[in-house]
Amino acid sequence: MKIKKLLTYSALLGVAAIALVACGNSNSNSSSDSSSKSSGNNGGKVVFVPKVTGNSFFESGNLGAQEMAKKEGFTVDYNGNSVASVANQVTIINNAVQTGAGSIAISSVDPTGLDNALKQAQQAGLKVVTWDSDVSPDARSLMVSQGTPQQLGEMLVKMSVDALEKRGKDPKKDAIKYAWHYSSSTVQDQNSWQKVGEEYIKKNYPNWVNVNKSNYYSNQDAQEALNVGQSILSAHKDIDLVICNDSTALPGQLQAVQNAGLTKKDVTITGFSTPNSIKKYAKDNIIEEWGLWDVKVQGGMAVYLANYLASGNEVKVGDKIDIPGIGKVEVQNNTVLDPKYKNSEKSGVVLLPERTVFTTENMDKYDF
């Protein structure tokens, strides 16, 4: 079965250097053996922090992190909380410092709320890497990003258009009524995708109507996602499309559709979530397609790079690092995520090689 990949959706903004090769590197400026230095001079425990535990996206990230650690010979401590909050993540960061961890790899619930705690961790000697969702550049060394806002924002809209067309709508001519449903107004990555998506809609589909310009939020809570999903369908019985750029919002919205006795022929739902969490809805004809990236790869990259830094390796923008089993990645400037970010050689961004659209045709090829 053919796997649909979204590399064609938008340019990788300077990631042409990413190649799927598995070799090593002894320093960040060469292509010699990095994995031997990282493993041989272990940087201590990596504390791997999700936004929230019990979510299939973050649990899958942890699987990738643990597999990388086992293969490369370092230790990963998966430490999160069932409630997504700045206070809970600050507690985990402080505990990592107190217990003598070597590094932290964290998916932040807030773009600036963790800055002070992470800067203190850096001052205490820990190396900080973010993944999935970022903090301020001076509060970490590297960000392992699933893609640029342009790539991911446009991907969400293009999946929407494709699904709308498959149910007989004409996205260019019809006044599509739509809404965004995701975690919160403080999650930087999801906000950036929504912003780009809105700009793309206004440029290419000016006849579309956003029924709630303040967006719908469910705070990465499964029950709240279901409740919000039901409220959207109740308040807007003629809604055409709900875009869920959050891995908790998407299954909650789909369950709301199913509870209402509707299918993908009645309303289009799409967004980002793991294949395993959505497969049942695809089989029940509730969703046409959805997307994501391989979060196991992202988790593995995050902990490898955290341990790599904690092992004494220095990294600056422009360096290329060979990650075992994943390939050669280039450290890019923070401006690939936000043009307003400051230019810095001391902190940067590493992008995943690709993103994928899931359908009933290819979803069983993926198990995460």
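Student: At what angle do helix α8 (residues 249-259) and helix α9 (residues 275-283) pack, and how far apart are their axes?

Tutor: Two packed helices are described by the angle between their axes and the distance between the axes. Here α8 and α9 pack at an angle of about 20 degrees, and their axes are 10 Å apart. Axes are lines fitted to C-alpha atoms, for helices over the stretch in contact, and angles run from 0 to 180 degrees between N-to-C directions. Helices (H or I, at least four residues) and strands (E, at least two) are DSSP runs, numbered from the N terminus.

Student: What should I know about the model before going on?

Tutor: This is a predicted model in which local features need pLDDT of at least 70 and side-chain atom pairs count only at pLDDT 80 or more, while totals for chains, interfaces and linings use all residues. Residues are numbered from 1 along each chain as its sequence is written, and side-chain values use heavy atoms, with hydrogens and water left out.

Student: Are α8 and α9 roughly parallel or oblique to each other?

Tutor: Angles under 35 degrees count as roughly parallel, over 145 as roughly antiparallel, 65 to 115 as roughly perpendicular and the rest as oblique. α8 and α9 are therefore roughly parallel to each other. The crossing of α8 past α9 is left-handed. A crossing is left-handed if the near helix is turned anticlockwise from the far one by less than a right angle, and right-handed if clockwise.

Student: Which residues of α8 and α9 meet?

Tutor: Contact means heavy atoms within 4.5 Å. From α8 come L250, P251, L254, Q255 and Q258, and from α9 come S277, I278, K280 and Y281. By class, the contact of α8 with α9 has five nonpolar, three polar and one charged residues. Ala, Val, Leu, Ile, Met, Phe, Trp, Tyr, Cys and Pro count as nonpolar, Asp, Glu, Lys and Arg as charged, and the others, Gly among them, as polar. As for spacing, an α-helix has 3.6 residues a turn, so residues three or four places apart point the same way.

Student: How many residues of α8 are buried?

Tutor: Buried means under 20% relative accessible area, exposed over 50%, partly exposed in between (1.4 Å probe, protein chains only). Eight of the 11 residues of α8 are buried, so α8 is mostly covered. These are A249, L250, P251, G252, Q253, L254, A256 and V257. The elements they pack against are β7 (177-182), α7 (222-235), β10 (241-244), β11, α9 and β12. After α8 comes G261, with a positive phi near 75 degrees.

Student: Which residues of α9 are buried?

Tutor: In α9 the buried residues include P275, S277, I278, K279, Y281 and A282. The buried residues of α9 pack against α2, α8, β12 (290-292) and β16 (356-358). Just after α9, N285 has a positive phi of about 65 degrees.

Student: Where is I269, and what does I269 contact?

Tutor: I269 sits in strand β11 (residues 268-271). Its relative accessible area is 2%, so I269 is buried. Leaving aside neighbours within four places in sequence, I269 is in contact with V242, C244, L250, Q253, L254, V257, I287 and E289.

Student: What angle do helix α5 (residues 149-166) and helix α6 (residues 188-204) make?

Tutor: The axes of α5 and α6 cross at roughly 60 degrees and come within 7 Å. That makes α5 oblique to α6. The crossing of α5 past α6 is right-handed. By class, the contact of α5 with α6 has eight nonpolar, four polar and two charged residues.

Student: How do helix α2 (residues 56-72) and helix α10 (residues 295-310) pack?

Tutor: Helices α2 and α10 pack at about 50 degrees, with axes 7 Å apart. α2 and α10 are therefore oblique to each other, and their crossing is right-handed.

Student: What are the totals for the protein?

Tutor: The protein has 10 helices and 16 strands. Of its 368 residues, 57% are buried.
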